[in-house]
Amino acid sequence: MDWDQFDLNPKTIAALKKADIKSVREILNLSGADLQRLMKLSSADIQCLLKTVSHTLRGSSMLTALQLYQDKDHFTSQHQRLSLGCSVLDKLLKGGIPLVGITELAGESSAGKTQISLQLCLCVQYPYQYGGLESGAVYICTEDVFPSKRLQQLIEQQHKLRADVPPEVIQKIRFGNRIFVEQAADLDTFQQCITRRLSLLLARGMARLVVIDSMAALFRCEFGPAESALKARYLQTFGAQLHSLSTRFRTPIMCINQIFHMKSMHAEMCNTSFYRVVGSRVTPALGITWSNQLLMRLMVSRASLPGHSPGAAPHCAGSTRTLSVVFAPHLPPSFCYYTVQLEGVKGIK
Amino acid sequence: MQREVGTLPLAPALRARLAAAGFQTAQELLDTGPCGLSKEIGISREEALEALQVVRQECHGHAARTAGGSGTTRKCTALELLEEEQTQGFIITFCSALDNILGGGVQLTKITEICGAPGVGKTQLCMQLAVDVQIPECLGGVAGEAVFIDTEGSFMVDRVVDMAAACVQHCHLIAEAQPEEDHRKALETFSLENILSHIYYFRCRDYTELLAQVYLLPEFLSEHSKVRLVVIDGIAFPFRHDFEDLSLRTRLLNGLAQQLIIIANDHRAAVVLTNQMTTRIGQSQSTLVPALGESWGHAATVRLIFHWDNSQRLATLYKSPSQKESTIAYHITSHGFRDVQPPAVTPSTEGTELNPRKRPRTEEEKQ
């Protein structure tokens, strides 16, 4: 760290070099009294040092809420969302997936999680005016093999799903080329994938969506109940790294998660929060440690919610699925129905 | 800041050089900076820095004296403190049950901590408070501004817009019920754009940025003296990974708590923090407890824990110096943070002040 470029008293700069302090983080990690002892300066000098260093780190990073609200720029606006490719689903999410933060899609098996993720991988490649981000996607598989056949089907049928987009635009996009598939079956490989491959792809602008299918699979075999502290540490580290990537590159991260059905006694004993699906209680895997890392949680299920008549979809009552918002800072808890067709996931009004 | 250079307590030789170089006011000196100054008048950088420090002290000292002084120790009796506390403002939350158990609302000059599982409504309450702090005084608010420090990225401006619009509408309804001159005047400036422009948003991506931001807060609050609320949404998030050395974390958190207490006191602001929950594994069962450890529990003056009971959201006042421990239910609607059963607000109801603790103005005038 070149201390000379800071707006500091030469006496302070000399003391910093003598005390072998190399970064702003080291300065902020020490208390005022410790700094005084270490650098042998007066408390006023130390206060000045702390203020200068903080100024350099933070600069003029203040925004008012009004500026956030009026910002319509593609790259910085809070209003930008990644569309799901269906107007009904987008309406539920008030535009789509937020660009910064980890969104979780939880549900039982074959409820449609992979279908929605594949659809997102295609939607991200469309131009901004059609709800995309003009970039590719990274799909990280942790257990199953990547469903490439289904992807091909979806690519062929894009013109049918996205009737709002002119066919010339769809023709021009090379969908298959811009989806990067990574396999990571254990924790170390996953760690490598996030810290090396992912940051490289995102830094080069080649991808602006990350799908992780699924987080729970990484932790299923390796951790017994006695190692819950270690598991929590891993989850927090991954969560923080993903969050940091998402913030730096304004890239949505979609994590797929499984759910457990719980016996009611177990639920009350553990104080776990659970959700009702068809009368039985379910809870997403990975517990509260992982829930704390999320911005938004969505749940998909095969059966329609009790108490709400699925009268809107009489002809496909068997395959009606429900997409519900469990929590989000900007959305009320709500749900909508959808079906999985050949061309993709479509909401039902 | 418009002080003449000649009136500053600097060495006469230095003053002569400044005058010769064309500097007239203290503000010009501060704008130039130490490097520029040393080049302009031919003194060493060290001397320039010392001179600027003196100038800054003078200007701030002057401002502080006119504002009532801060940072110096004052002696006062308990009676004076009691009177001060009773006139202390509260920031209402629009959920009257919550305001009641808190003793009127979120109290100024105190640190309030809100803990809860994800999705229970902590960020919603923070956004609601950032809007409610701006309610004009004649309607029971503190007419202040808000600083929102976001570490998790969960501040969605669209949601704040919904809450602000609902608040403005509510205030207009109250004003219509009691048409008074100052109500009307206050509401002229209480609009959506105005509310949004007085919420100052900072995004901190890790704990170093958060620490740096808190070091800069006193200066910011001196410049924006109307700020009455500082929200840190997600104090736990940046501190719960990245720390092999937990004692460093404890030390940093304690330092942070001390700084926030000083800020709350000096600038008469309420500090609101949100915390996560973590599982503590006991003998026979596991319980959810606030994160960041036992020692962090001493940092906040008031602690609220939000939790679920089936599908009802509940708020428990867990720690408070003056109120007893109790639990109430609350609701989050499209308008924001509300009671479960909204109390009947009809135009004919007497005394429909937003803050039940504040006496209506007409009575005060009679006295």
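Two residues are in contact when heavy atoms of theirs lie within 4.5 Å. The legends below describe a predicted model, in which local features need pLDDT of at least 70 and side-chain atom pairs count only at pLDDT 80 or more, while totals for chains, interfaces and linings use all residues. Residues are numbered from 1 along each chain as its sequence is written, chains are lettered from A and ligands numbered from 1 in the order in which they are written, and side-chain values use heavy atoms, with hydrogens and water left out.

**View 1. The interface of chain B and chain A.** Chain B brings 60 residues to the contact and chain A brings 54 residues. The buried area, that is, the accessible area (1.4 Å probe) that two parts lose on being put together, summed over both, is about 5100 Å², and carbon and sulfur atoms give 57% of this area. On the side of chain B, P118(B), M156(B) and Y215(B) supply 13% of the area buried against chain A, more than any other three residues.

**View 2. A salt bridge between E209(B) and R58(A).** In this pair the closest N and O atoms are 2.8 Å apart. A salt bridge requires a side-chain nitrogen of Lys or Arg within 4 Å of a carboxyl oxygen of Asp or Glu, and three are counted between chain B and chain A. Helix 10 (residues 207-223) of chain B gives the most to the side of chain B that touches chain A, namely ten residues. Helices (H or I, at least four residues) and strands (E, at least two) are DSSP runs, numbered from the N terminus.

**View 3. Strands paired across the two chains.** Strand 1 (residues 63-64) of chain A pairs with strand 5 (residues 199-203) of chain B in the antiparallel sense, over two bridges; pairing requires that DSSP finds at least two bridges between the strands. T64(A) has Y200(B) as its bridge partner in strand 5 of chain B.

**View 4. Helix 7 of chain A.** Because ten of the eleven residues of helix 7 (residues 113-123) are buried, this helix is largely enclosed by the rest of the structure. Buried means under 20% relative accessible area (1.4 Å probe, protein chains only), exposed over 50%, and partly exposed in between. Among the buried residues are K113(A), Q115(A) and C123(A).

**View 5. The surroundings of H330(A).** H330(A) lies in the loop between strand 13 (321-327) and strand 14 (334-340) of chain A. Its relative accessibility is 5%, so H330(A) counts as buried. Leaving aside residues up to four places away in sequence, H330(A) touches R81(A), L93(A), K94(A), P98(A) and M296(A), together with M156(B) and R159(B).
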